[in-house]
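Colleague: I am new to looking at protein models. Could you show me how to read one, step by step?

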Protein chains: 2
Amino acid sequence: MSGDASKQTSNIGRRRAAALGDGRVEYLGRRRAIVQAASDVFKERGFRATTLGHIAEALGVDRASLYYYYSSKEEIFHEIVKDTVQINIAAAEAIRDADLPAPAKLRRLIEDMMRSYGEHYPVLYVLIQENLNHVAPKHSEWAREMKRINRAYESVVIEIVQTGMDEGSLRATAPAWLVAYGIIGIVGWTNRWFNPDETAVGADEIGAAFADMVLDGVVNSGVDGDTAAR
Amino acid sequence: MSGDASKQTSNIGRRRAAALGDGRVEYLGRRRAIVQAASDVFKERGFRATTLGHIAEALGVDRASLYYYYSSKEEIFHEIVKDTVQINIAAAEAIRDADLPAPAKLRRLIEDMMRSYGEHYPVLYVLIQENLNHVAPKHSEWAREMKRINRAYESVVIEIVQTGMDEGSLRATAPAWLVAYGIIGIVGWTNRWFNPDETAVGADEIGAAFADMVLDGVVNSGVDGDTAAR
């Protein structure tokens with residue numbers, strides 16, 4: 001980058017920071033619109049292949065004017081992910097606090113997780129699939145915040161399981177965190193094979209099947225094959 | 001790379017190919033020893049941070065003599081992974097062909113998978129965590145072979161589930177492949193958090209807990225919370 005270009009970029013950076021500080025509705029609304037357009041571009045091209053140029057093109061503006069709103073595709077992506085993950089946590093917390101027995105909460109949670117993956121495909125999967133290091137430096141503020149947010153989500157799941165074990169509606173055959181990790185895993189692993197546009201079954205069907213598996217197990221209890229063979 | 005260095009490398013390449021073609025026991029034995037030493041280095045440093053220099057150092061030889069046996073760390077890594085994955089498939093096939101009811105087969109399979117992850121940590125996890133593209137070009141022969149091997153493993157799990165559904169020992173509430181993917185997911189996801197040197201519970205305990213979860217579900221069937229809330 002030449003000295004001039006670098007100076008120009010940092011001028012834009014200052015103007016962006018000032019505009020964000022002002023917090024004018026028009027400026028923030030424009031950022032919102034950029035995030036929404038970018039979300040579609042990421043979905044179509046994938047995170048790595050997307051450039052700011054592609055996003056500018058989708059909005060019908062030039063790259064330079066995009067810089068007034070966002071410094072990089074990473075910054076836009078972070079905003080998309082943060083929004084989505086925060087919606088998920090709020091949903092999980094609402095389930096945790098609902099007046100339901102733990103098994104029913106788990107069913108809702110599993111079905112909600114799958115539905116959210118399907119609806120926000122592939123934003124959440126980009127996050128799961130990409131090593132965080134590619135999307136943000138390992139010790140960046142964003143990486144730390146994502147870690148914190150993921151922990152927060154895990155904690156809600158663990159709390160639901162623990163409450164169920166305490167109240168006796170769930171079997172306490174393993175530590176609550178281990179059962180919670182198993183549940184998160186069965187759903188999270190779908191990033192390896194699930195694509196709402198291609199997979200033969202939908203997110204709803206997968207969620208219901210996994211909820212059945214986790215809650216009641218795969219064994220047909222009419223037949224005593226498992227116990228007999230232990 | 002200078003012309004001389006490049007010529008030297010390609011000379012070594014020809015000598016390597018010739019030695020492999022000869023298949024002398026001594027040469028192959030030396031390759032085996034390199035693979036074993038490299039396995040430890042990968043475990044300690046991770047795949048990305050490991051260089052051929054590190055592997056040479058662990059063997060007490062110089063890098064140049066290593067080139068007579070392997071062209072790159074990728075080539076060594078491929079051999080480690082292939083060995084491990086093939087052992088896993090053979091184990092899964094033996095379980096499939098055993099004279100046991102399907103639930104007992106699933107329990108063994110889940111416990112075996114976890115044990116294998118623990119024993120071969122982190123070789124299998126490097127494979128799961130690294131995007132295959134980083135370890136091998138997407139359309140390389142090795143990438144294709146790994147895909148084929150992964151499919152073969154999945155098929156065995158699906159066959160076990162399908163047989164159980166057919167014989168009535170497993171509930172046929174979802175397609176067999178979906179249940180199989182759920183089972184593979186619950187175990188595979190452990191690459192996110194399991195480290196045999198650090199995690200409070202061992203691979204055996206995790207495998208047993210996950211087998212319990214998958215086979216019998218988490219619901220304490222004495223309490224009818226789930227059904228009541230549906």
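**Reading the fold and the pairing**

Modeller: Gladly! Among contacts in chain A between residues at least 6 apart in sequence, 64% join residues at least 24 apart. Keep in mind as we go that this is a predicted model.

Colleague: Thanks. How many helices and strands are there in chain A?

Modeller: Chain A has 12 helices and zero strands. Read from the N terminus, its elements run α-α-α-α-α-α-α-α-α-α-α-α. Of the 230 residues in chain A, 37% are buried.

Colleague: Which domains does the assignment give for chain A?

Modeller: The domain assignment gives domain 1 (3–71) and domain 2 (74–218). Taken over C-alpha atoms, the centres of these two domains of chain A are separated by 30 Å. Their contact takes 10 residues from domain 1 and 10 residues from domain 2. On the domain 1 side, helix H2 (residues 25–45) of chain A gives the most, with six residues. By class, that side has seven nonpolar, two polar and one charged residues.

Colleague: Now the helices themselves. How should I think about which way their residues point?

Modeller: Here is the general idea: an α-helix has 3.6 residues a turn, so residues three or four places apart point the same way. Now look at helix H5 (residues 73–97) of chain B, which has 25 residues. The buried residues of H5(B) include B:His78, B:Val81 and B:Val85.

Colleague: What is the reach of H5 of chain B from its first C-alpha to its last?

Modeller: The helix reaches 36 Å, close to the 36 Å expected at 1.5 Å a residue. H6(A) is mostly covered, as 13 of its 18 residues are buried.

Colleague: Why is B:Val81 counted as buried?

Modeller: A residue is buried if 20 or more other C-beta atoms lie within 10 Å of its own. B:Val81 has 22 other C-beta atoms within 10 Å, so it is buried. This residue is found in helix H5 of chain B. The C-alpha atoms of B:Val81 and B:Leu124 are separated by 6.8 Å, although the two residues are 43 residues apart along the chain.

Colleague: And the two chains together: how are the copies related?

Modeller: In general, two copies of a chain are related by a rotation about an axis and a shift along it. The same surface serves both copies, as 100% of the contact residues of chain A recur in chain B.

Colleague: How many residues of each chain are in contact?

Modeller: 41 residues of chain A are in contact with 41 residues of chain B. Among the elements that give two or more residues to the chain A side are helix H6 (102–119) and helix H11 (203–216). The residues of that side divide into 26 nonpolar, 10 polar and five charged.

Colleague: Which residues touch the most other members of the largest nonpolar core?

Modeller: They are A:Val214 and B:Val214, in a core of 109 residues. Leaving aside its neighbours within four places in sequence, B:Val214 is in contact with residues of both chains, including A:Met213, A:Gly217, B:Leu106 and B:Ile183.

Terms used
Residues are numbered from 1 along each chain as its sequence is written. Chains are lettered from A and ligands numbered from 1 in the order in which they are written. This is a predicted model: local features need pLDDT of at least 70, side-chain atom pairs count only at pLDDT 80 or more; totals for chains, interfaces and linings use all residues. Two residues are in contact if their C-beta atoms, placed from the backbone, lie within 7 Å. Helices (H or I, at least four residues) and strands (E, at least two) are DSSP runs, numbered from the N terminus. Ala, Val, Leu, Ile, Met, Phe, Trp, Tyr, Cys and Pro count as nonpolar, Asp, Glu, Lys and Arg as charged, and the others, Gly among them, as polar. A residue is buried if 20 or more other C-beta atoms lie within 10 Å of its own, exposed if 12 or fewer, and partly exposed in between; C-beta atoms are placed from the backbone. A nonpolar core is a set of buried Ala, Val, Leu, Ile, Met, Phe, Trp, Tyr and Cys residues joined through C-beta atoms within 7 Å. Domain bounds come from an automatic or database domain assignment. The expected span of a helix is 1.5 Å times one less than its number of residues.
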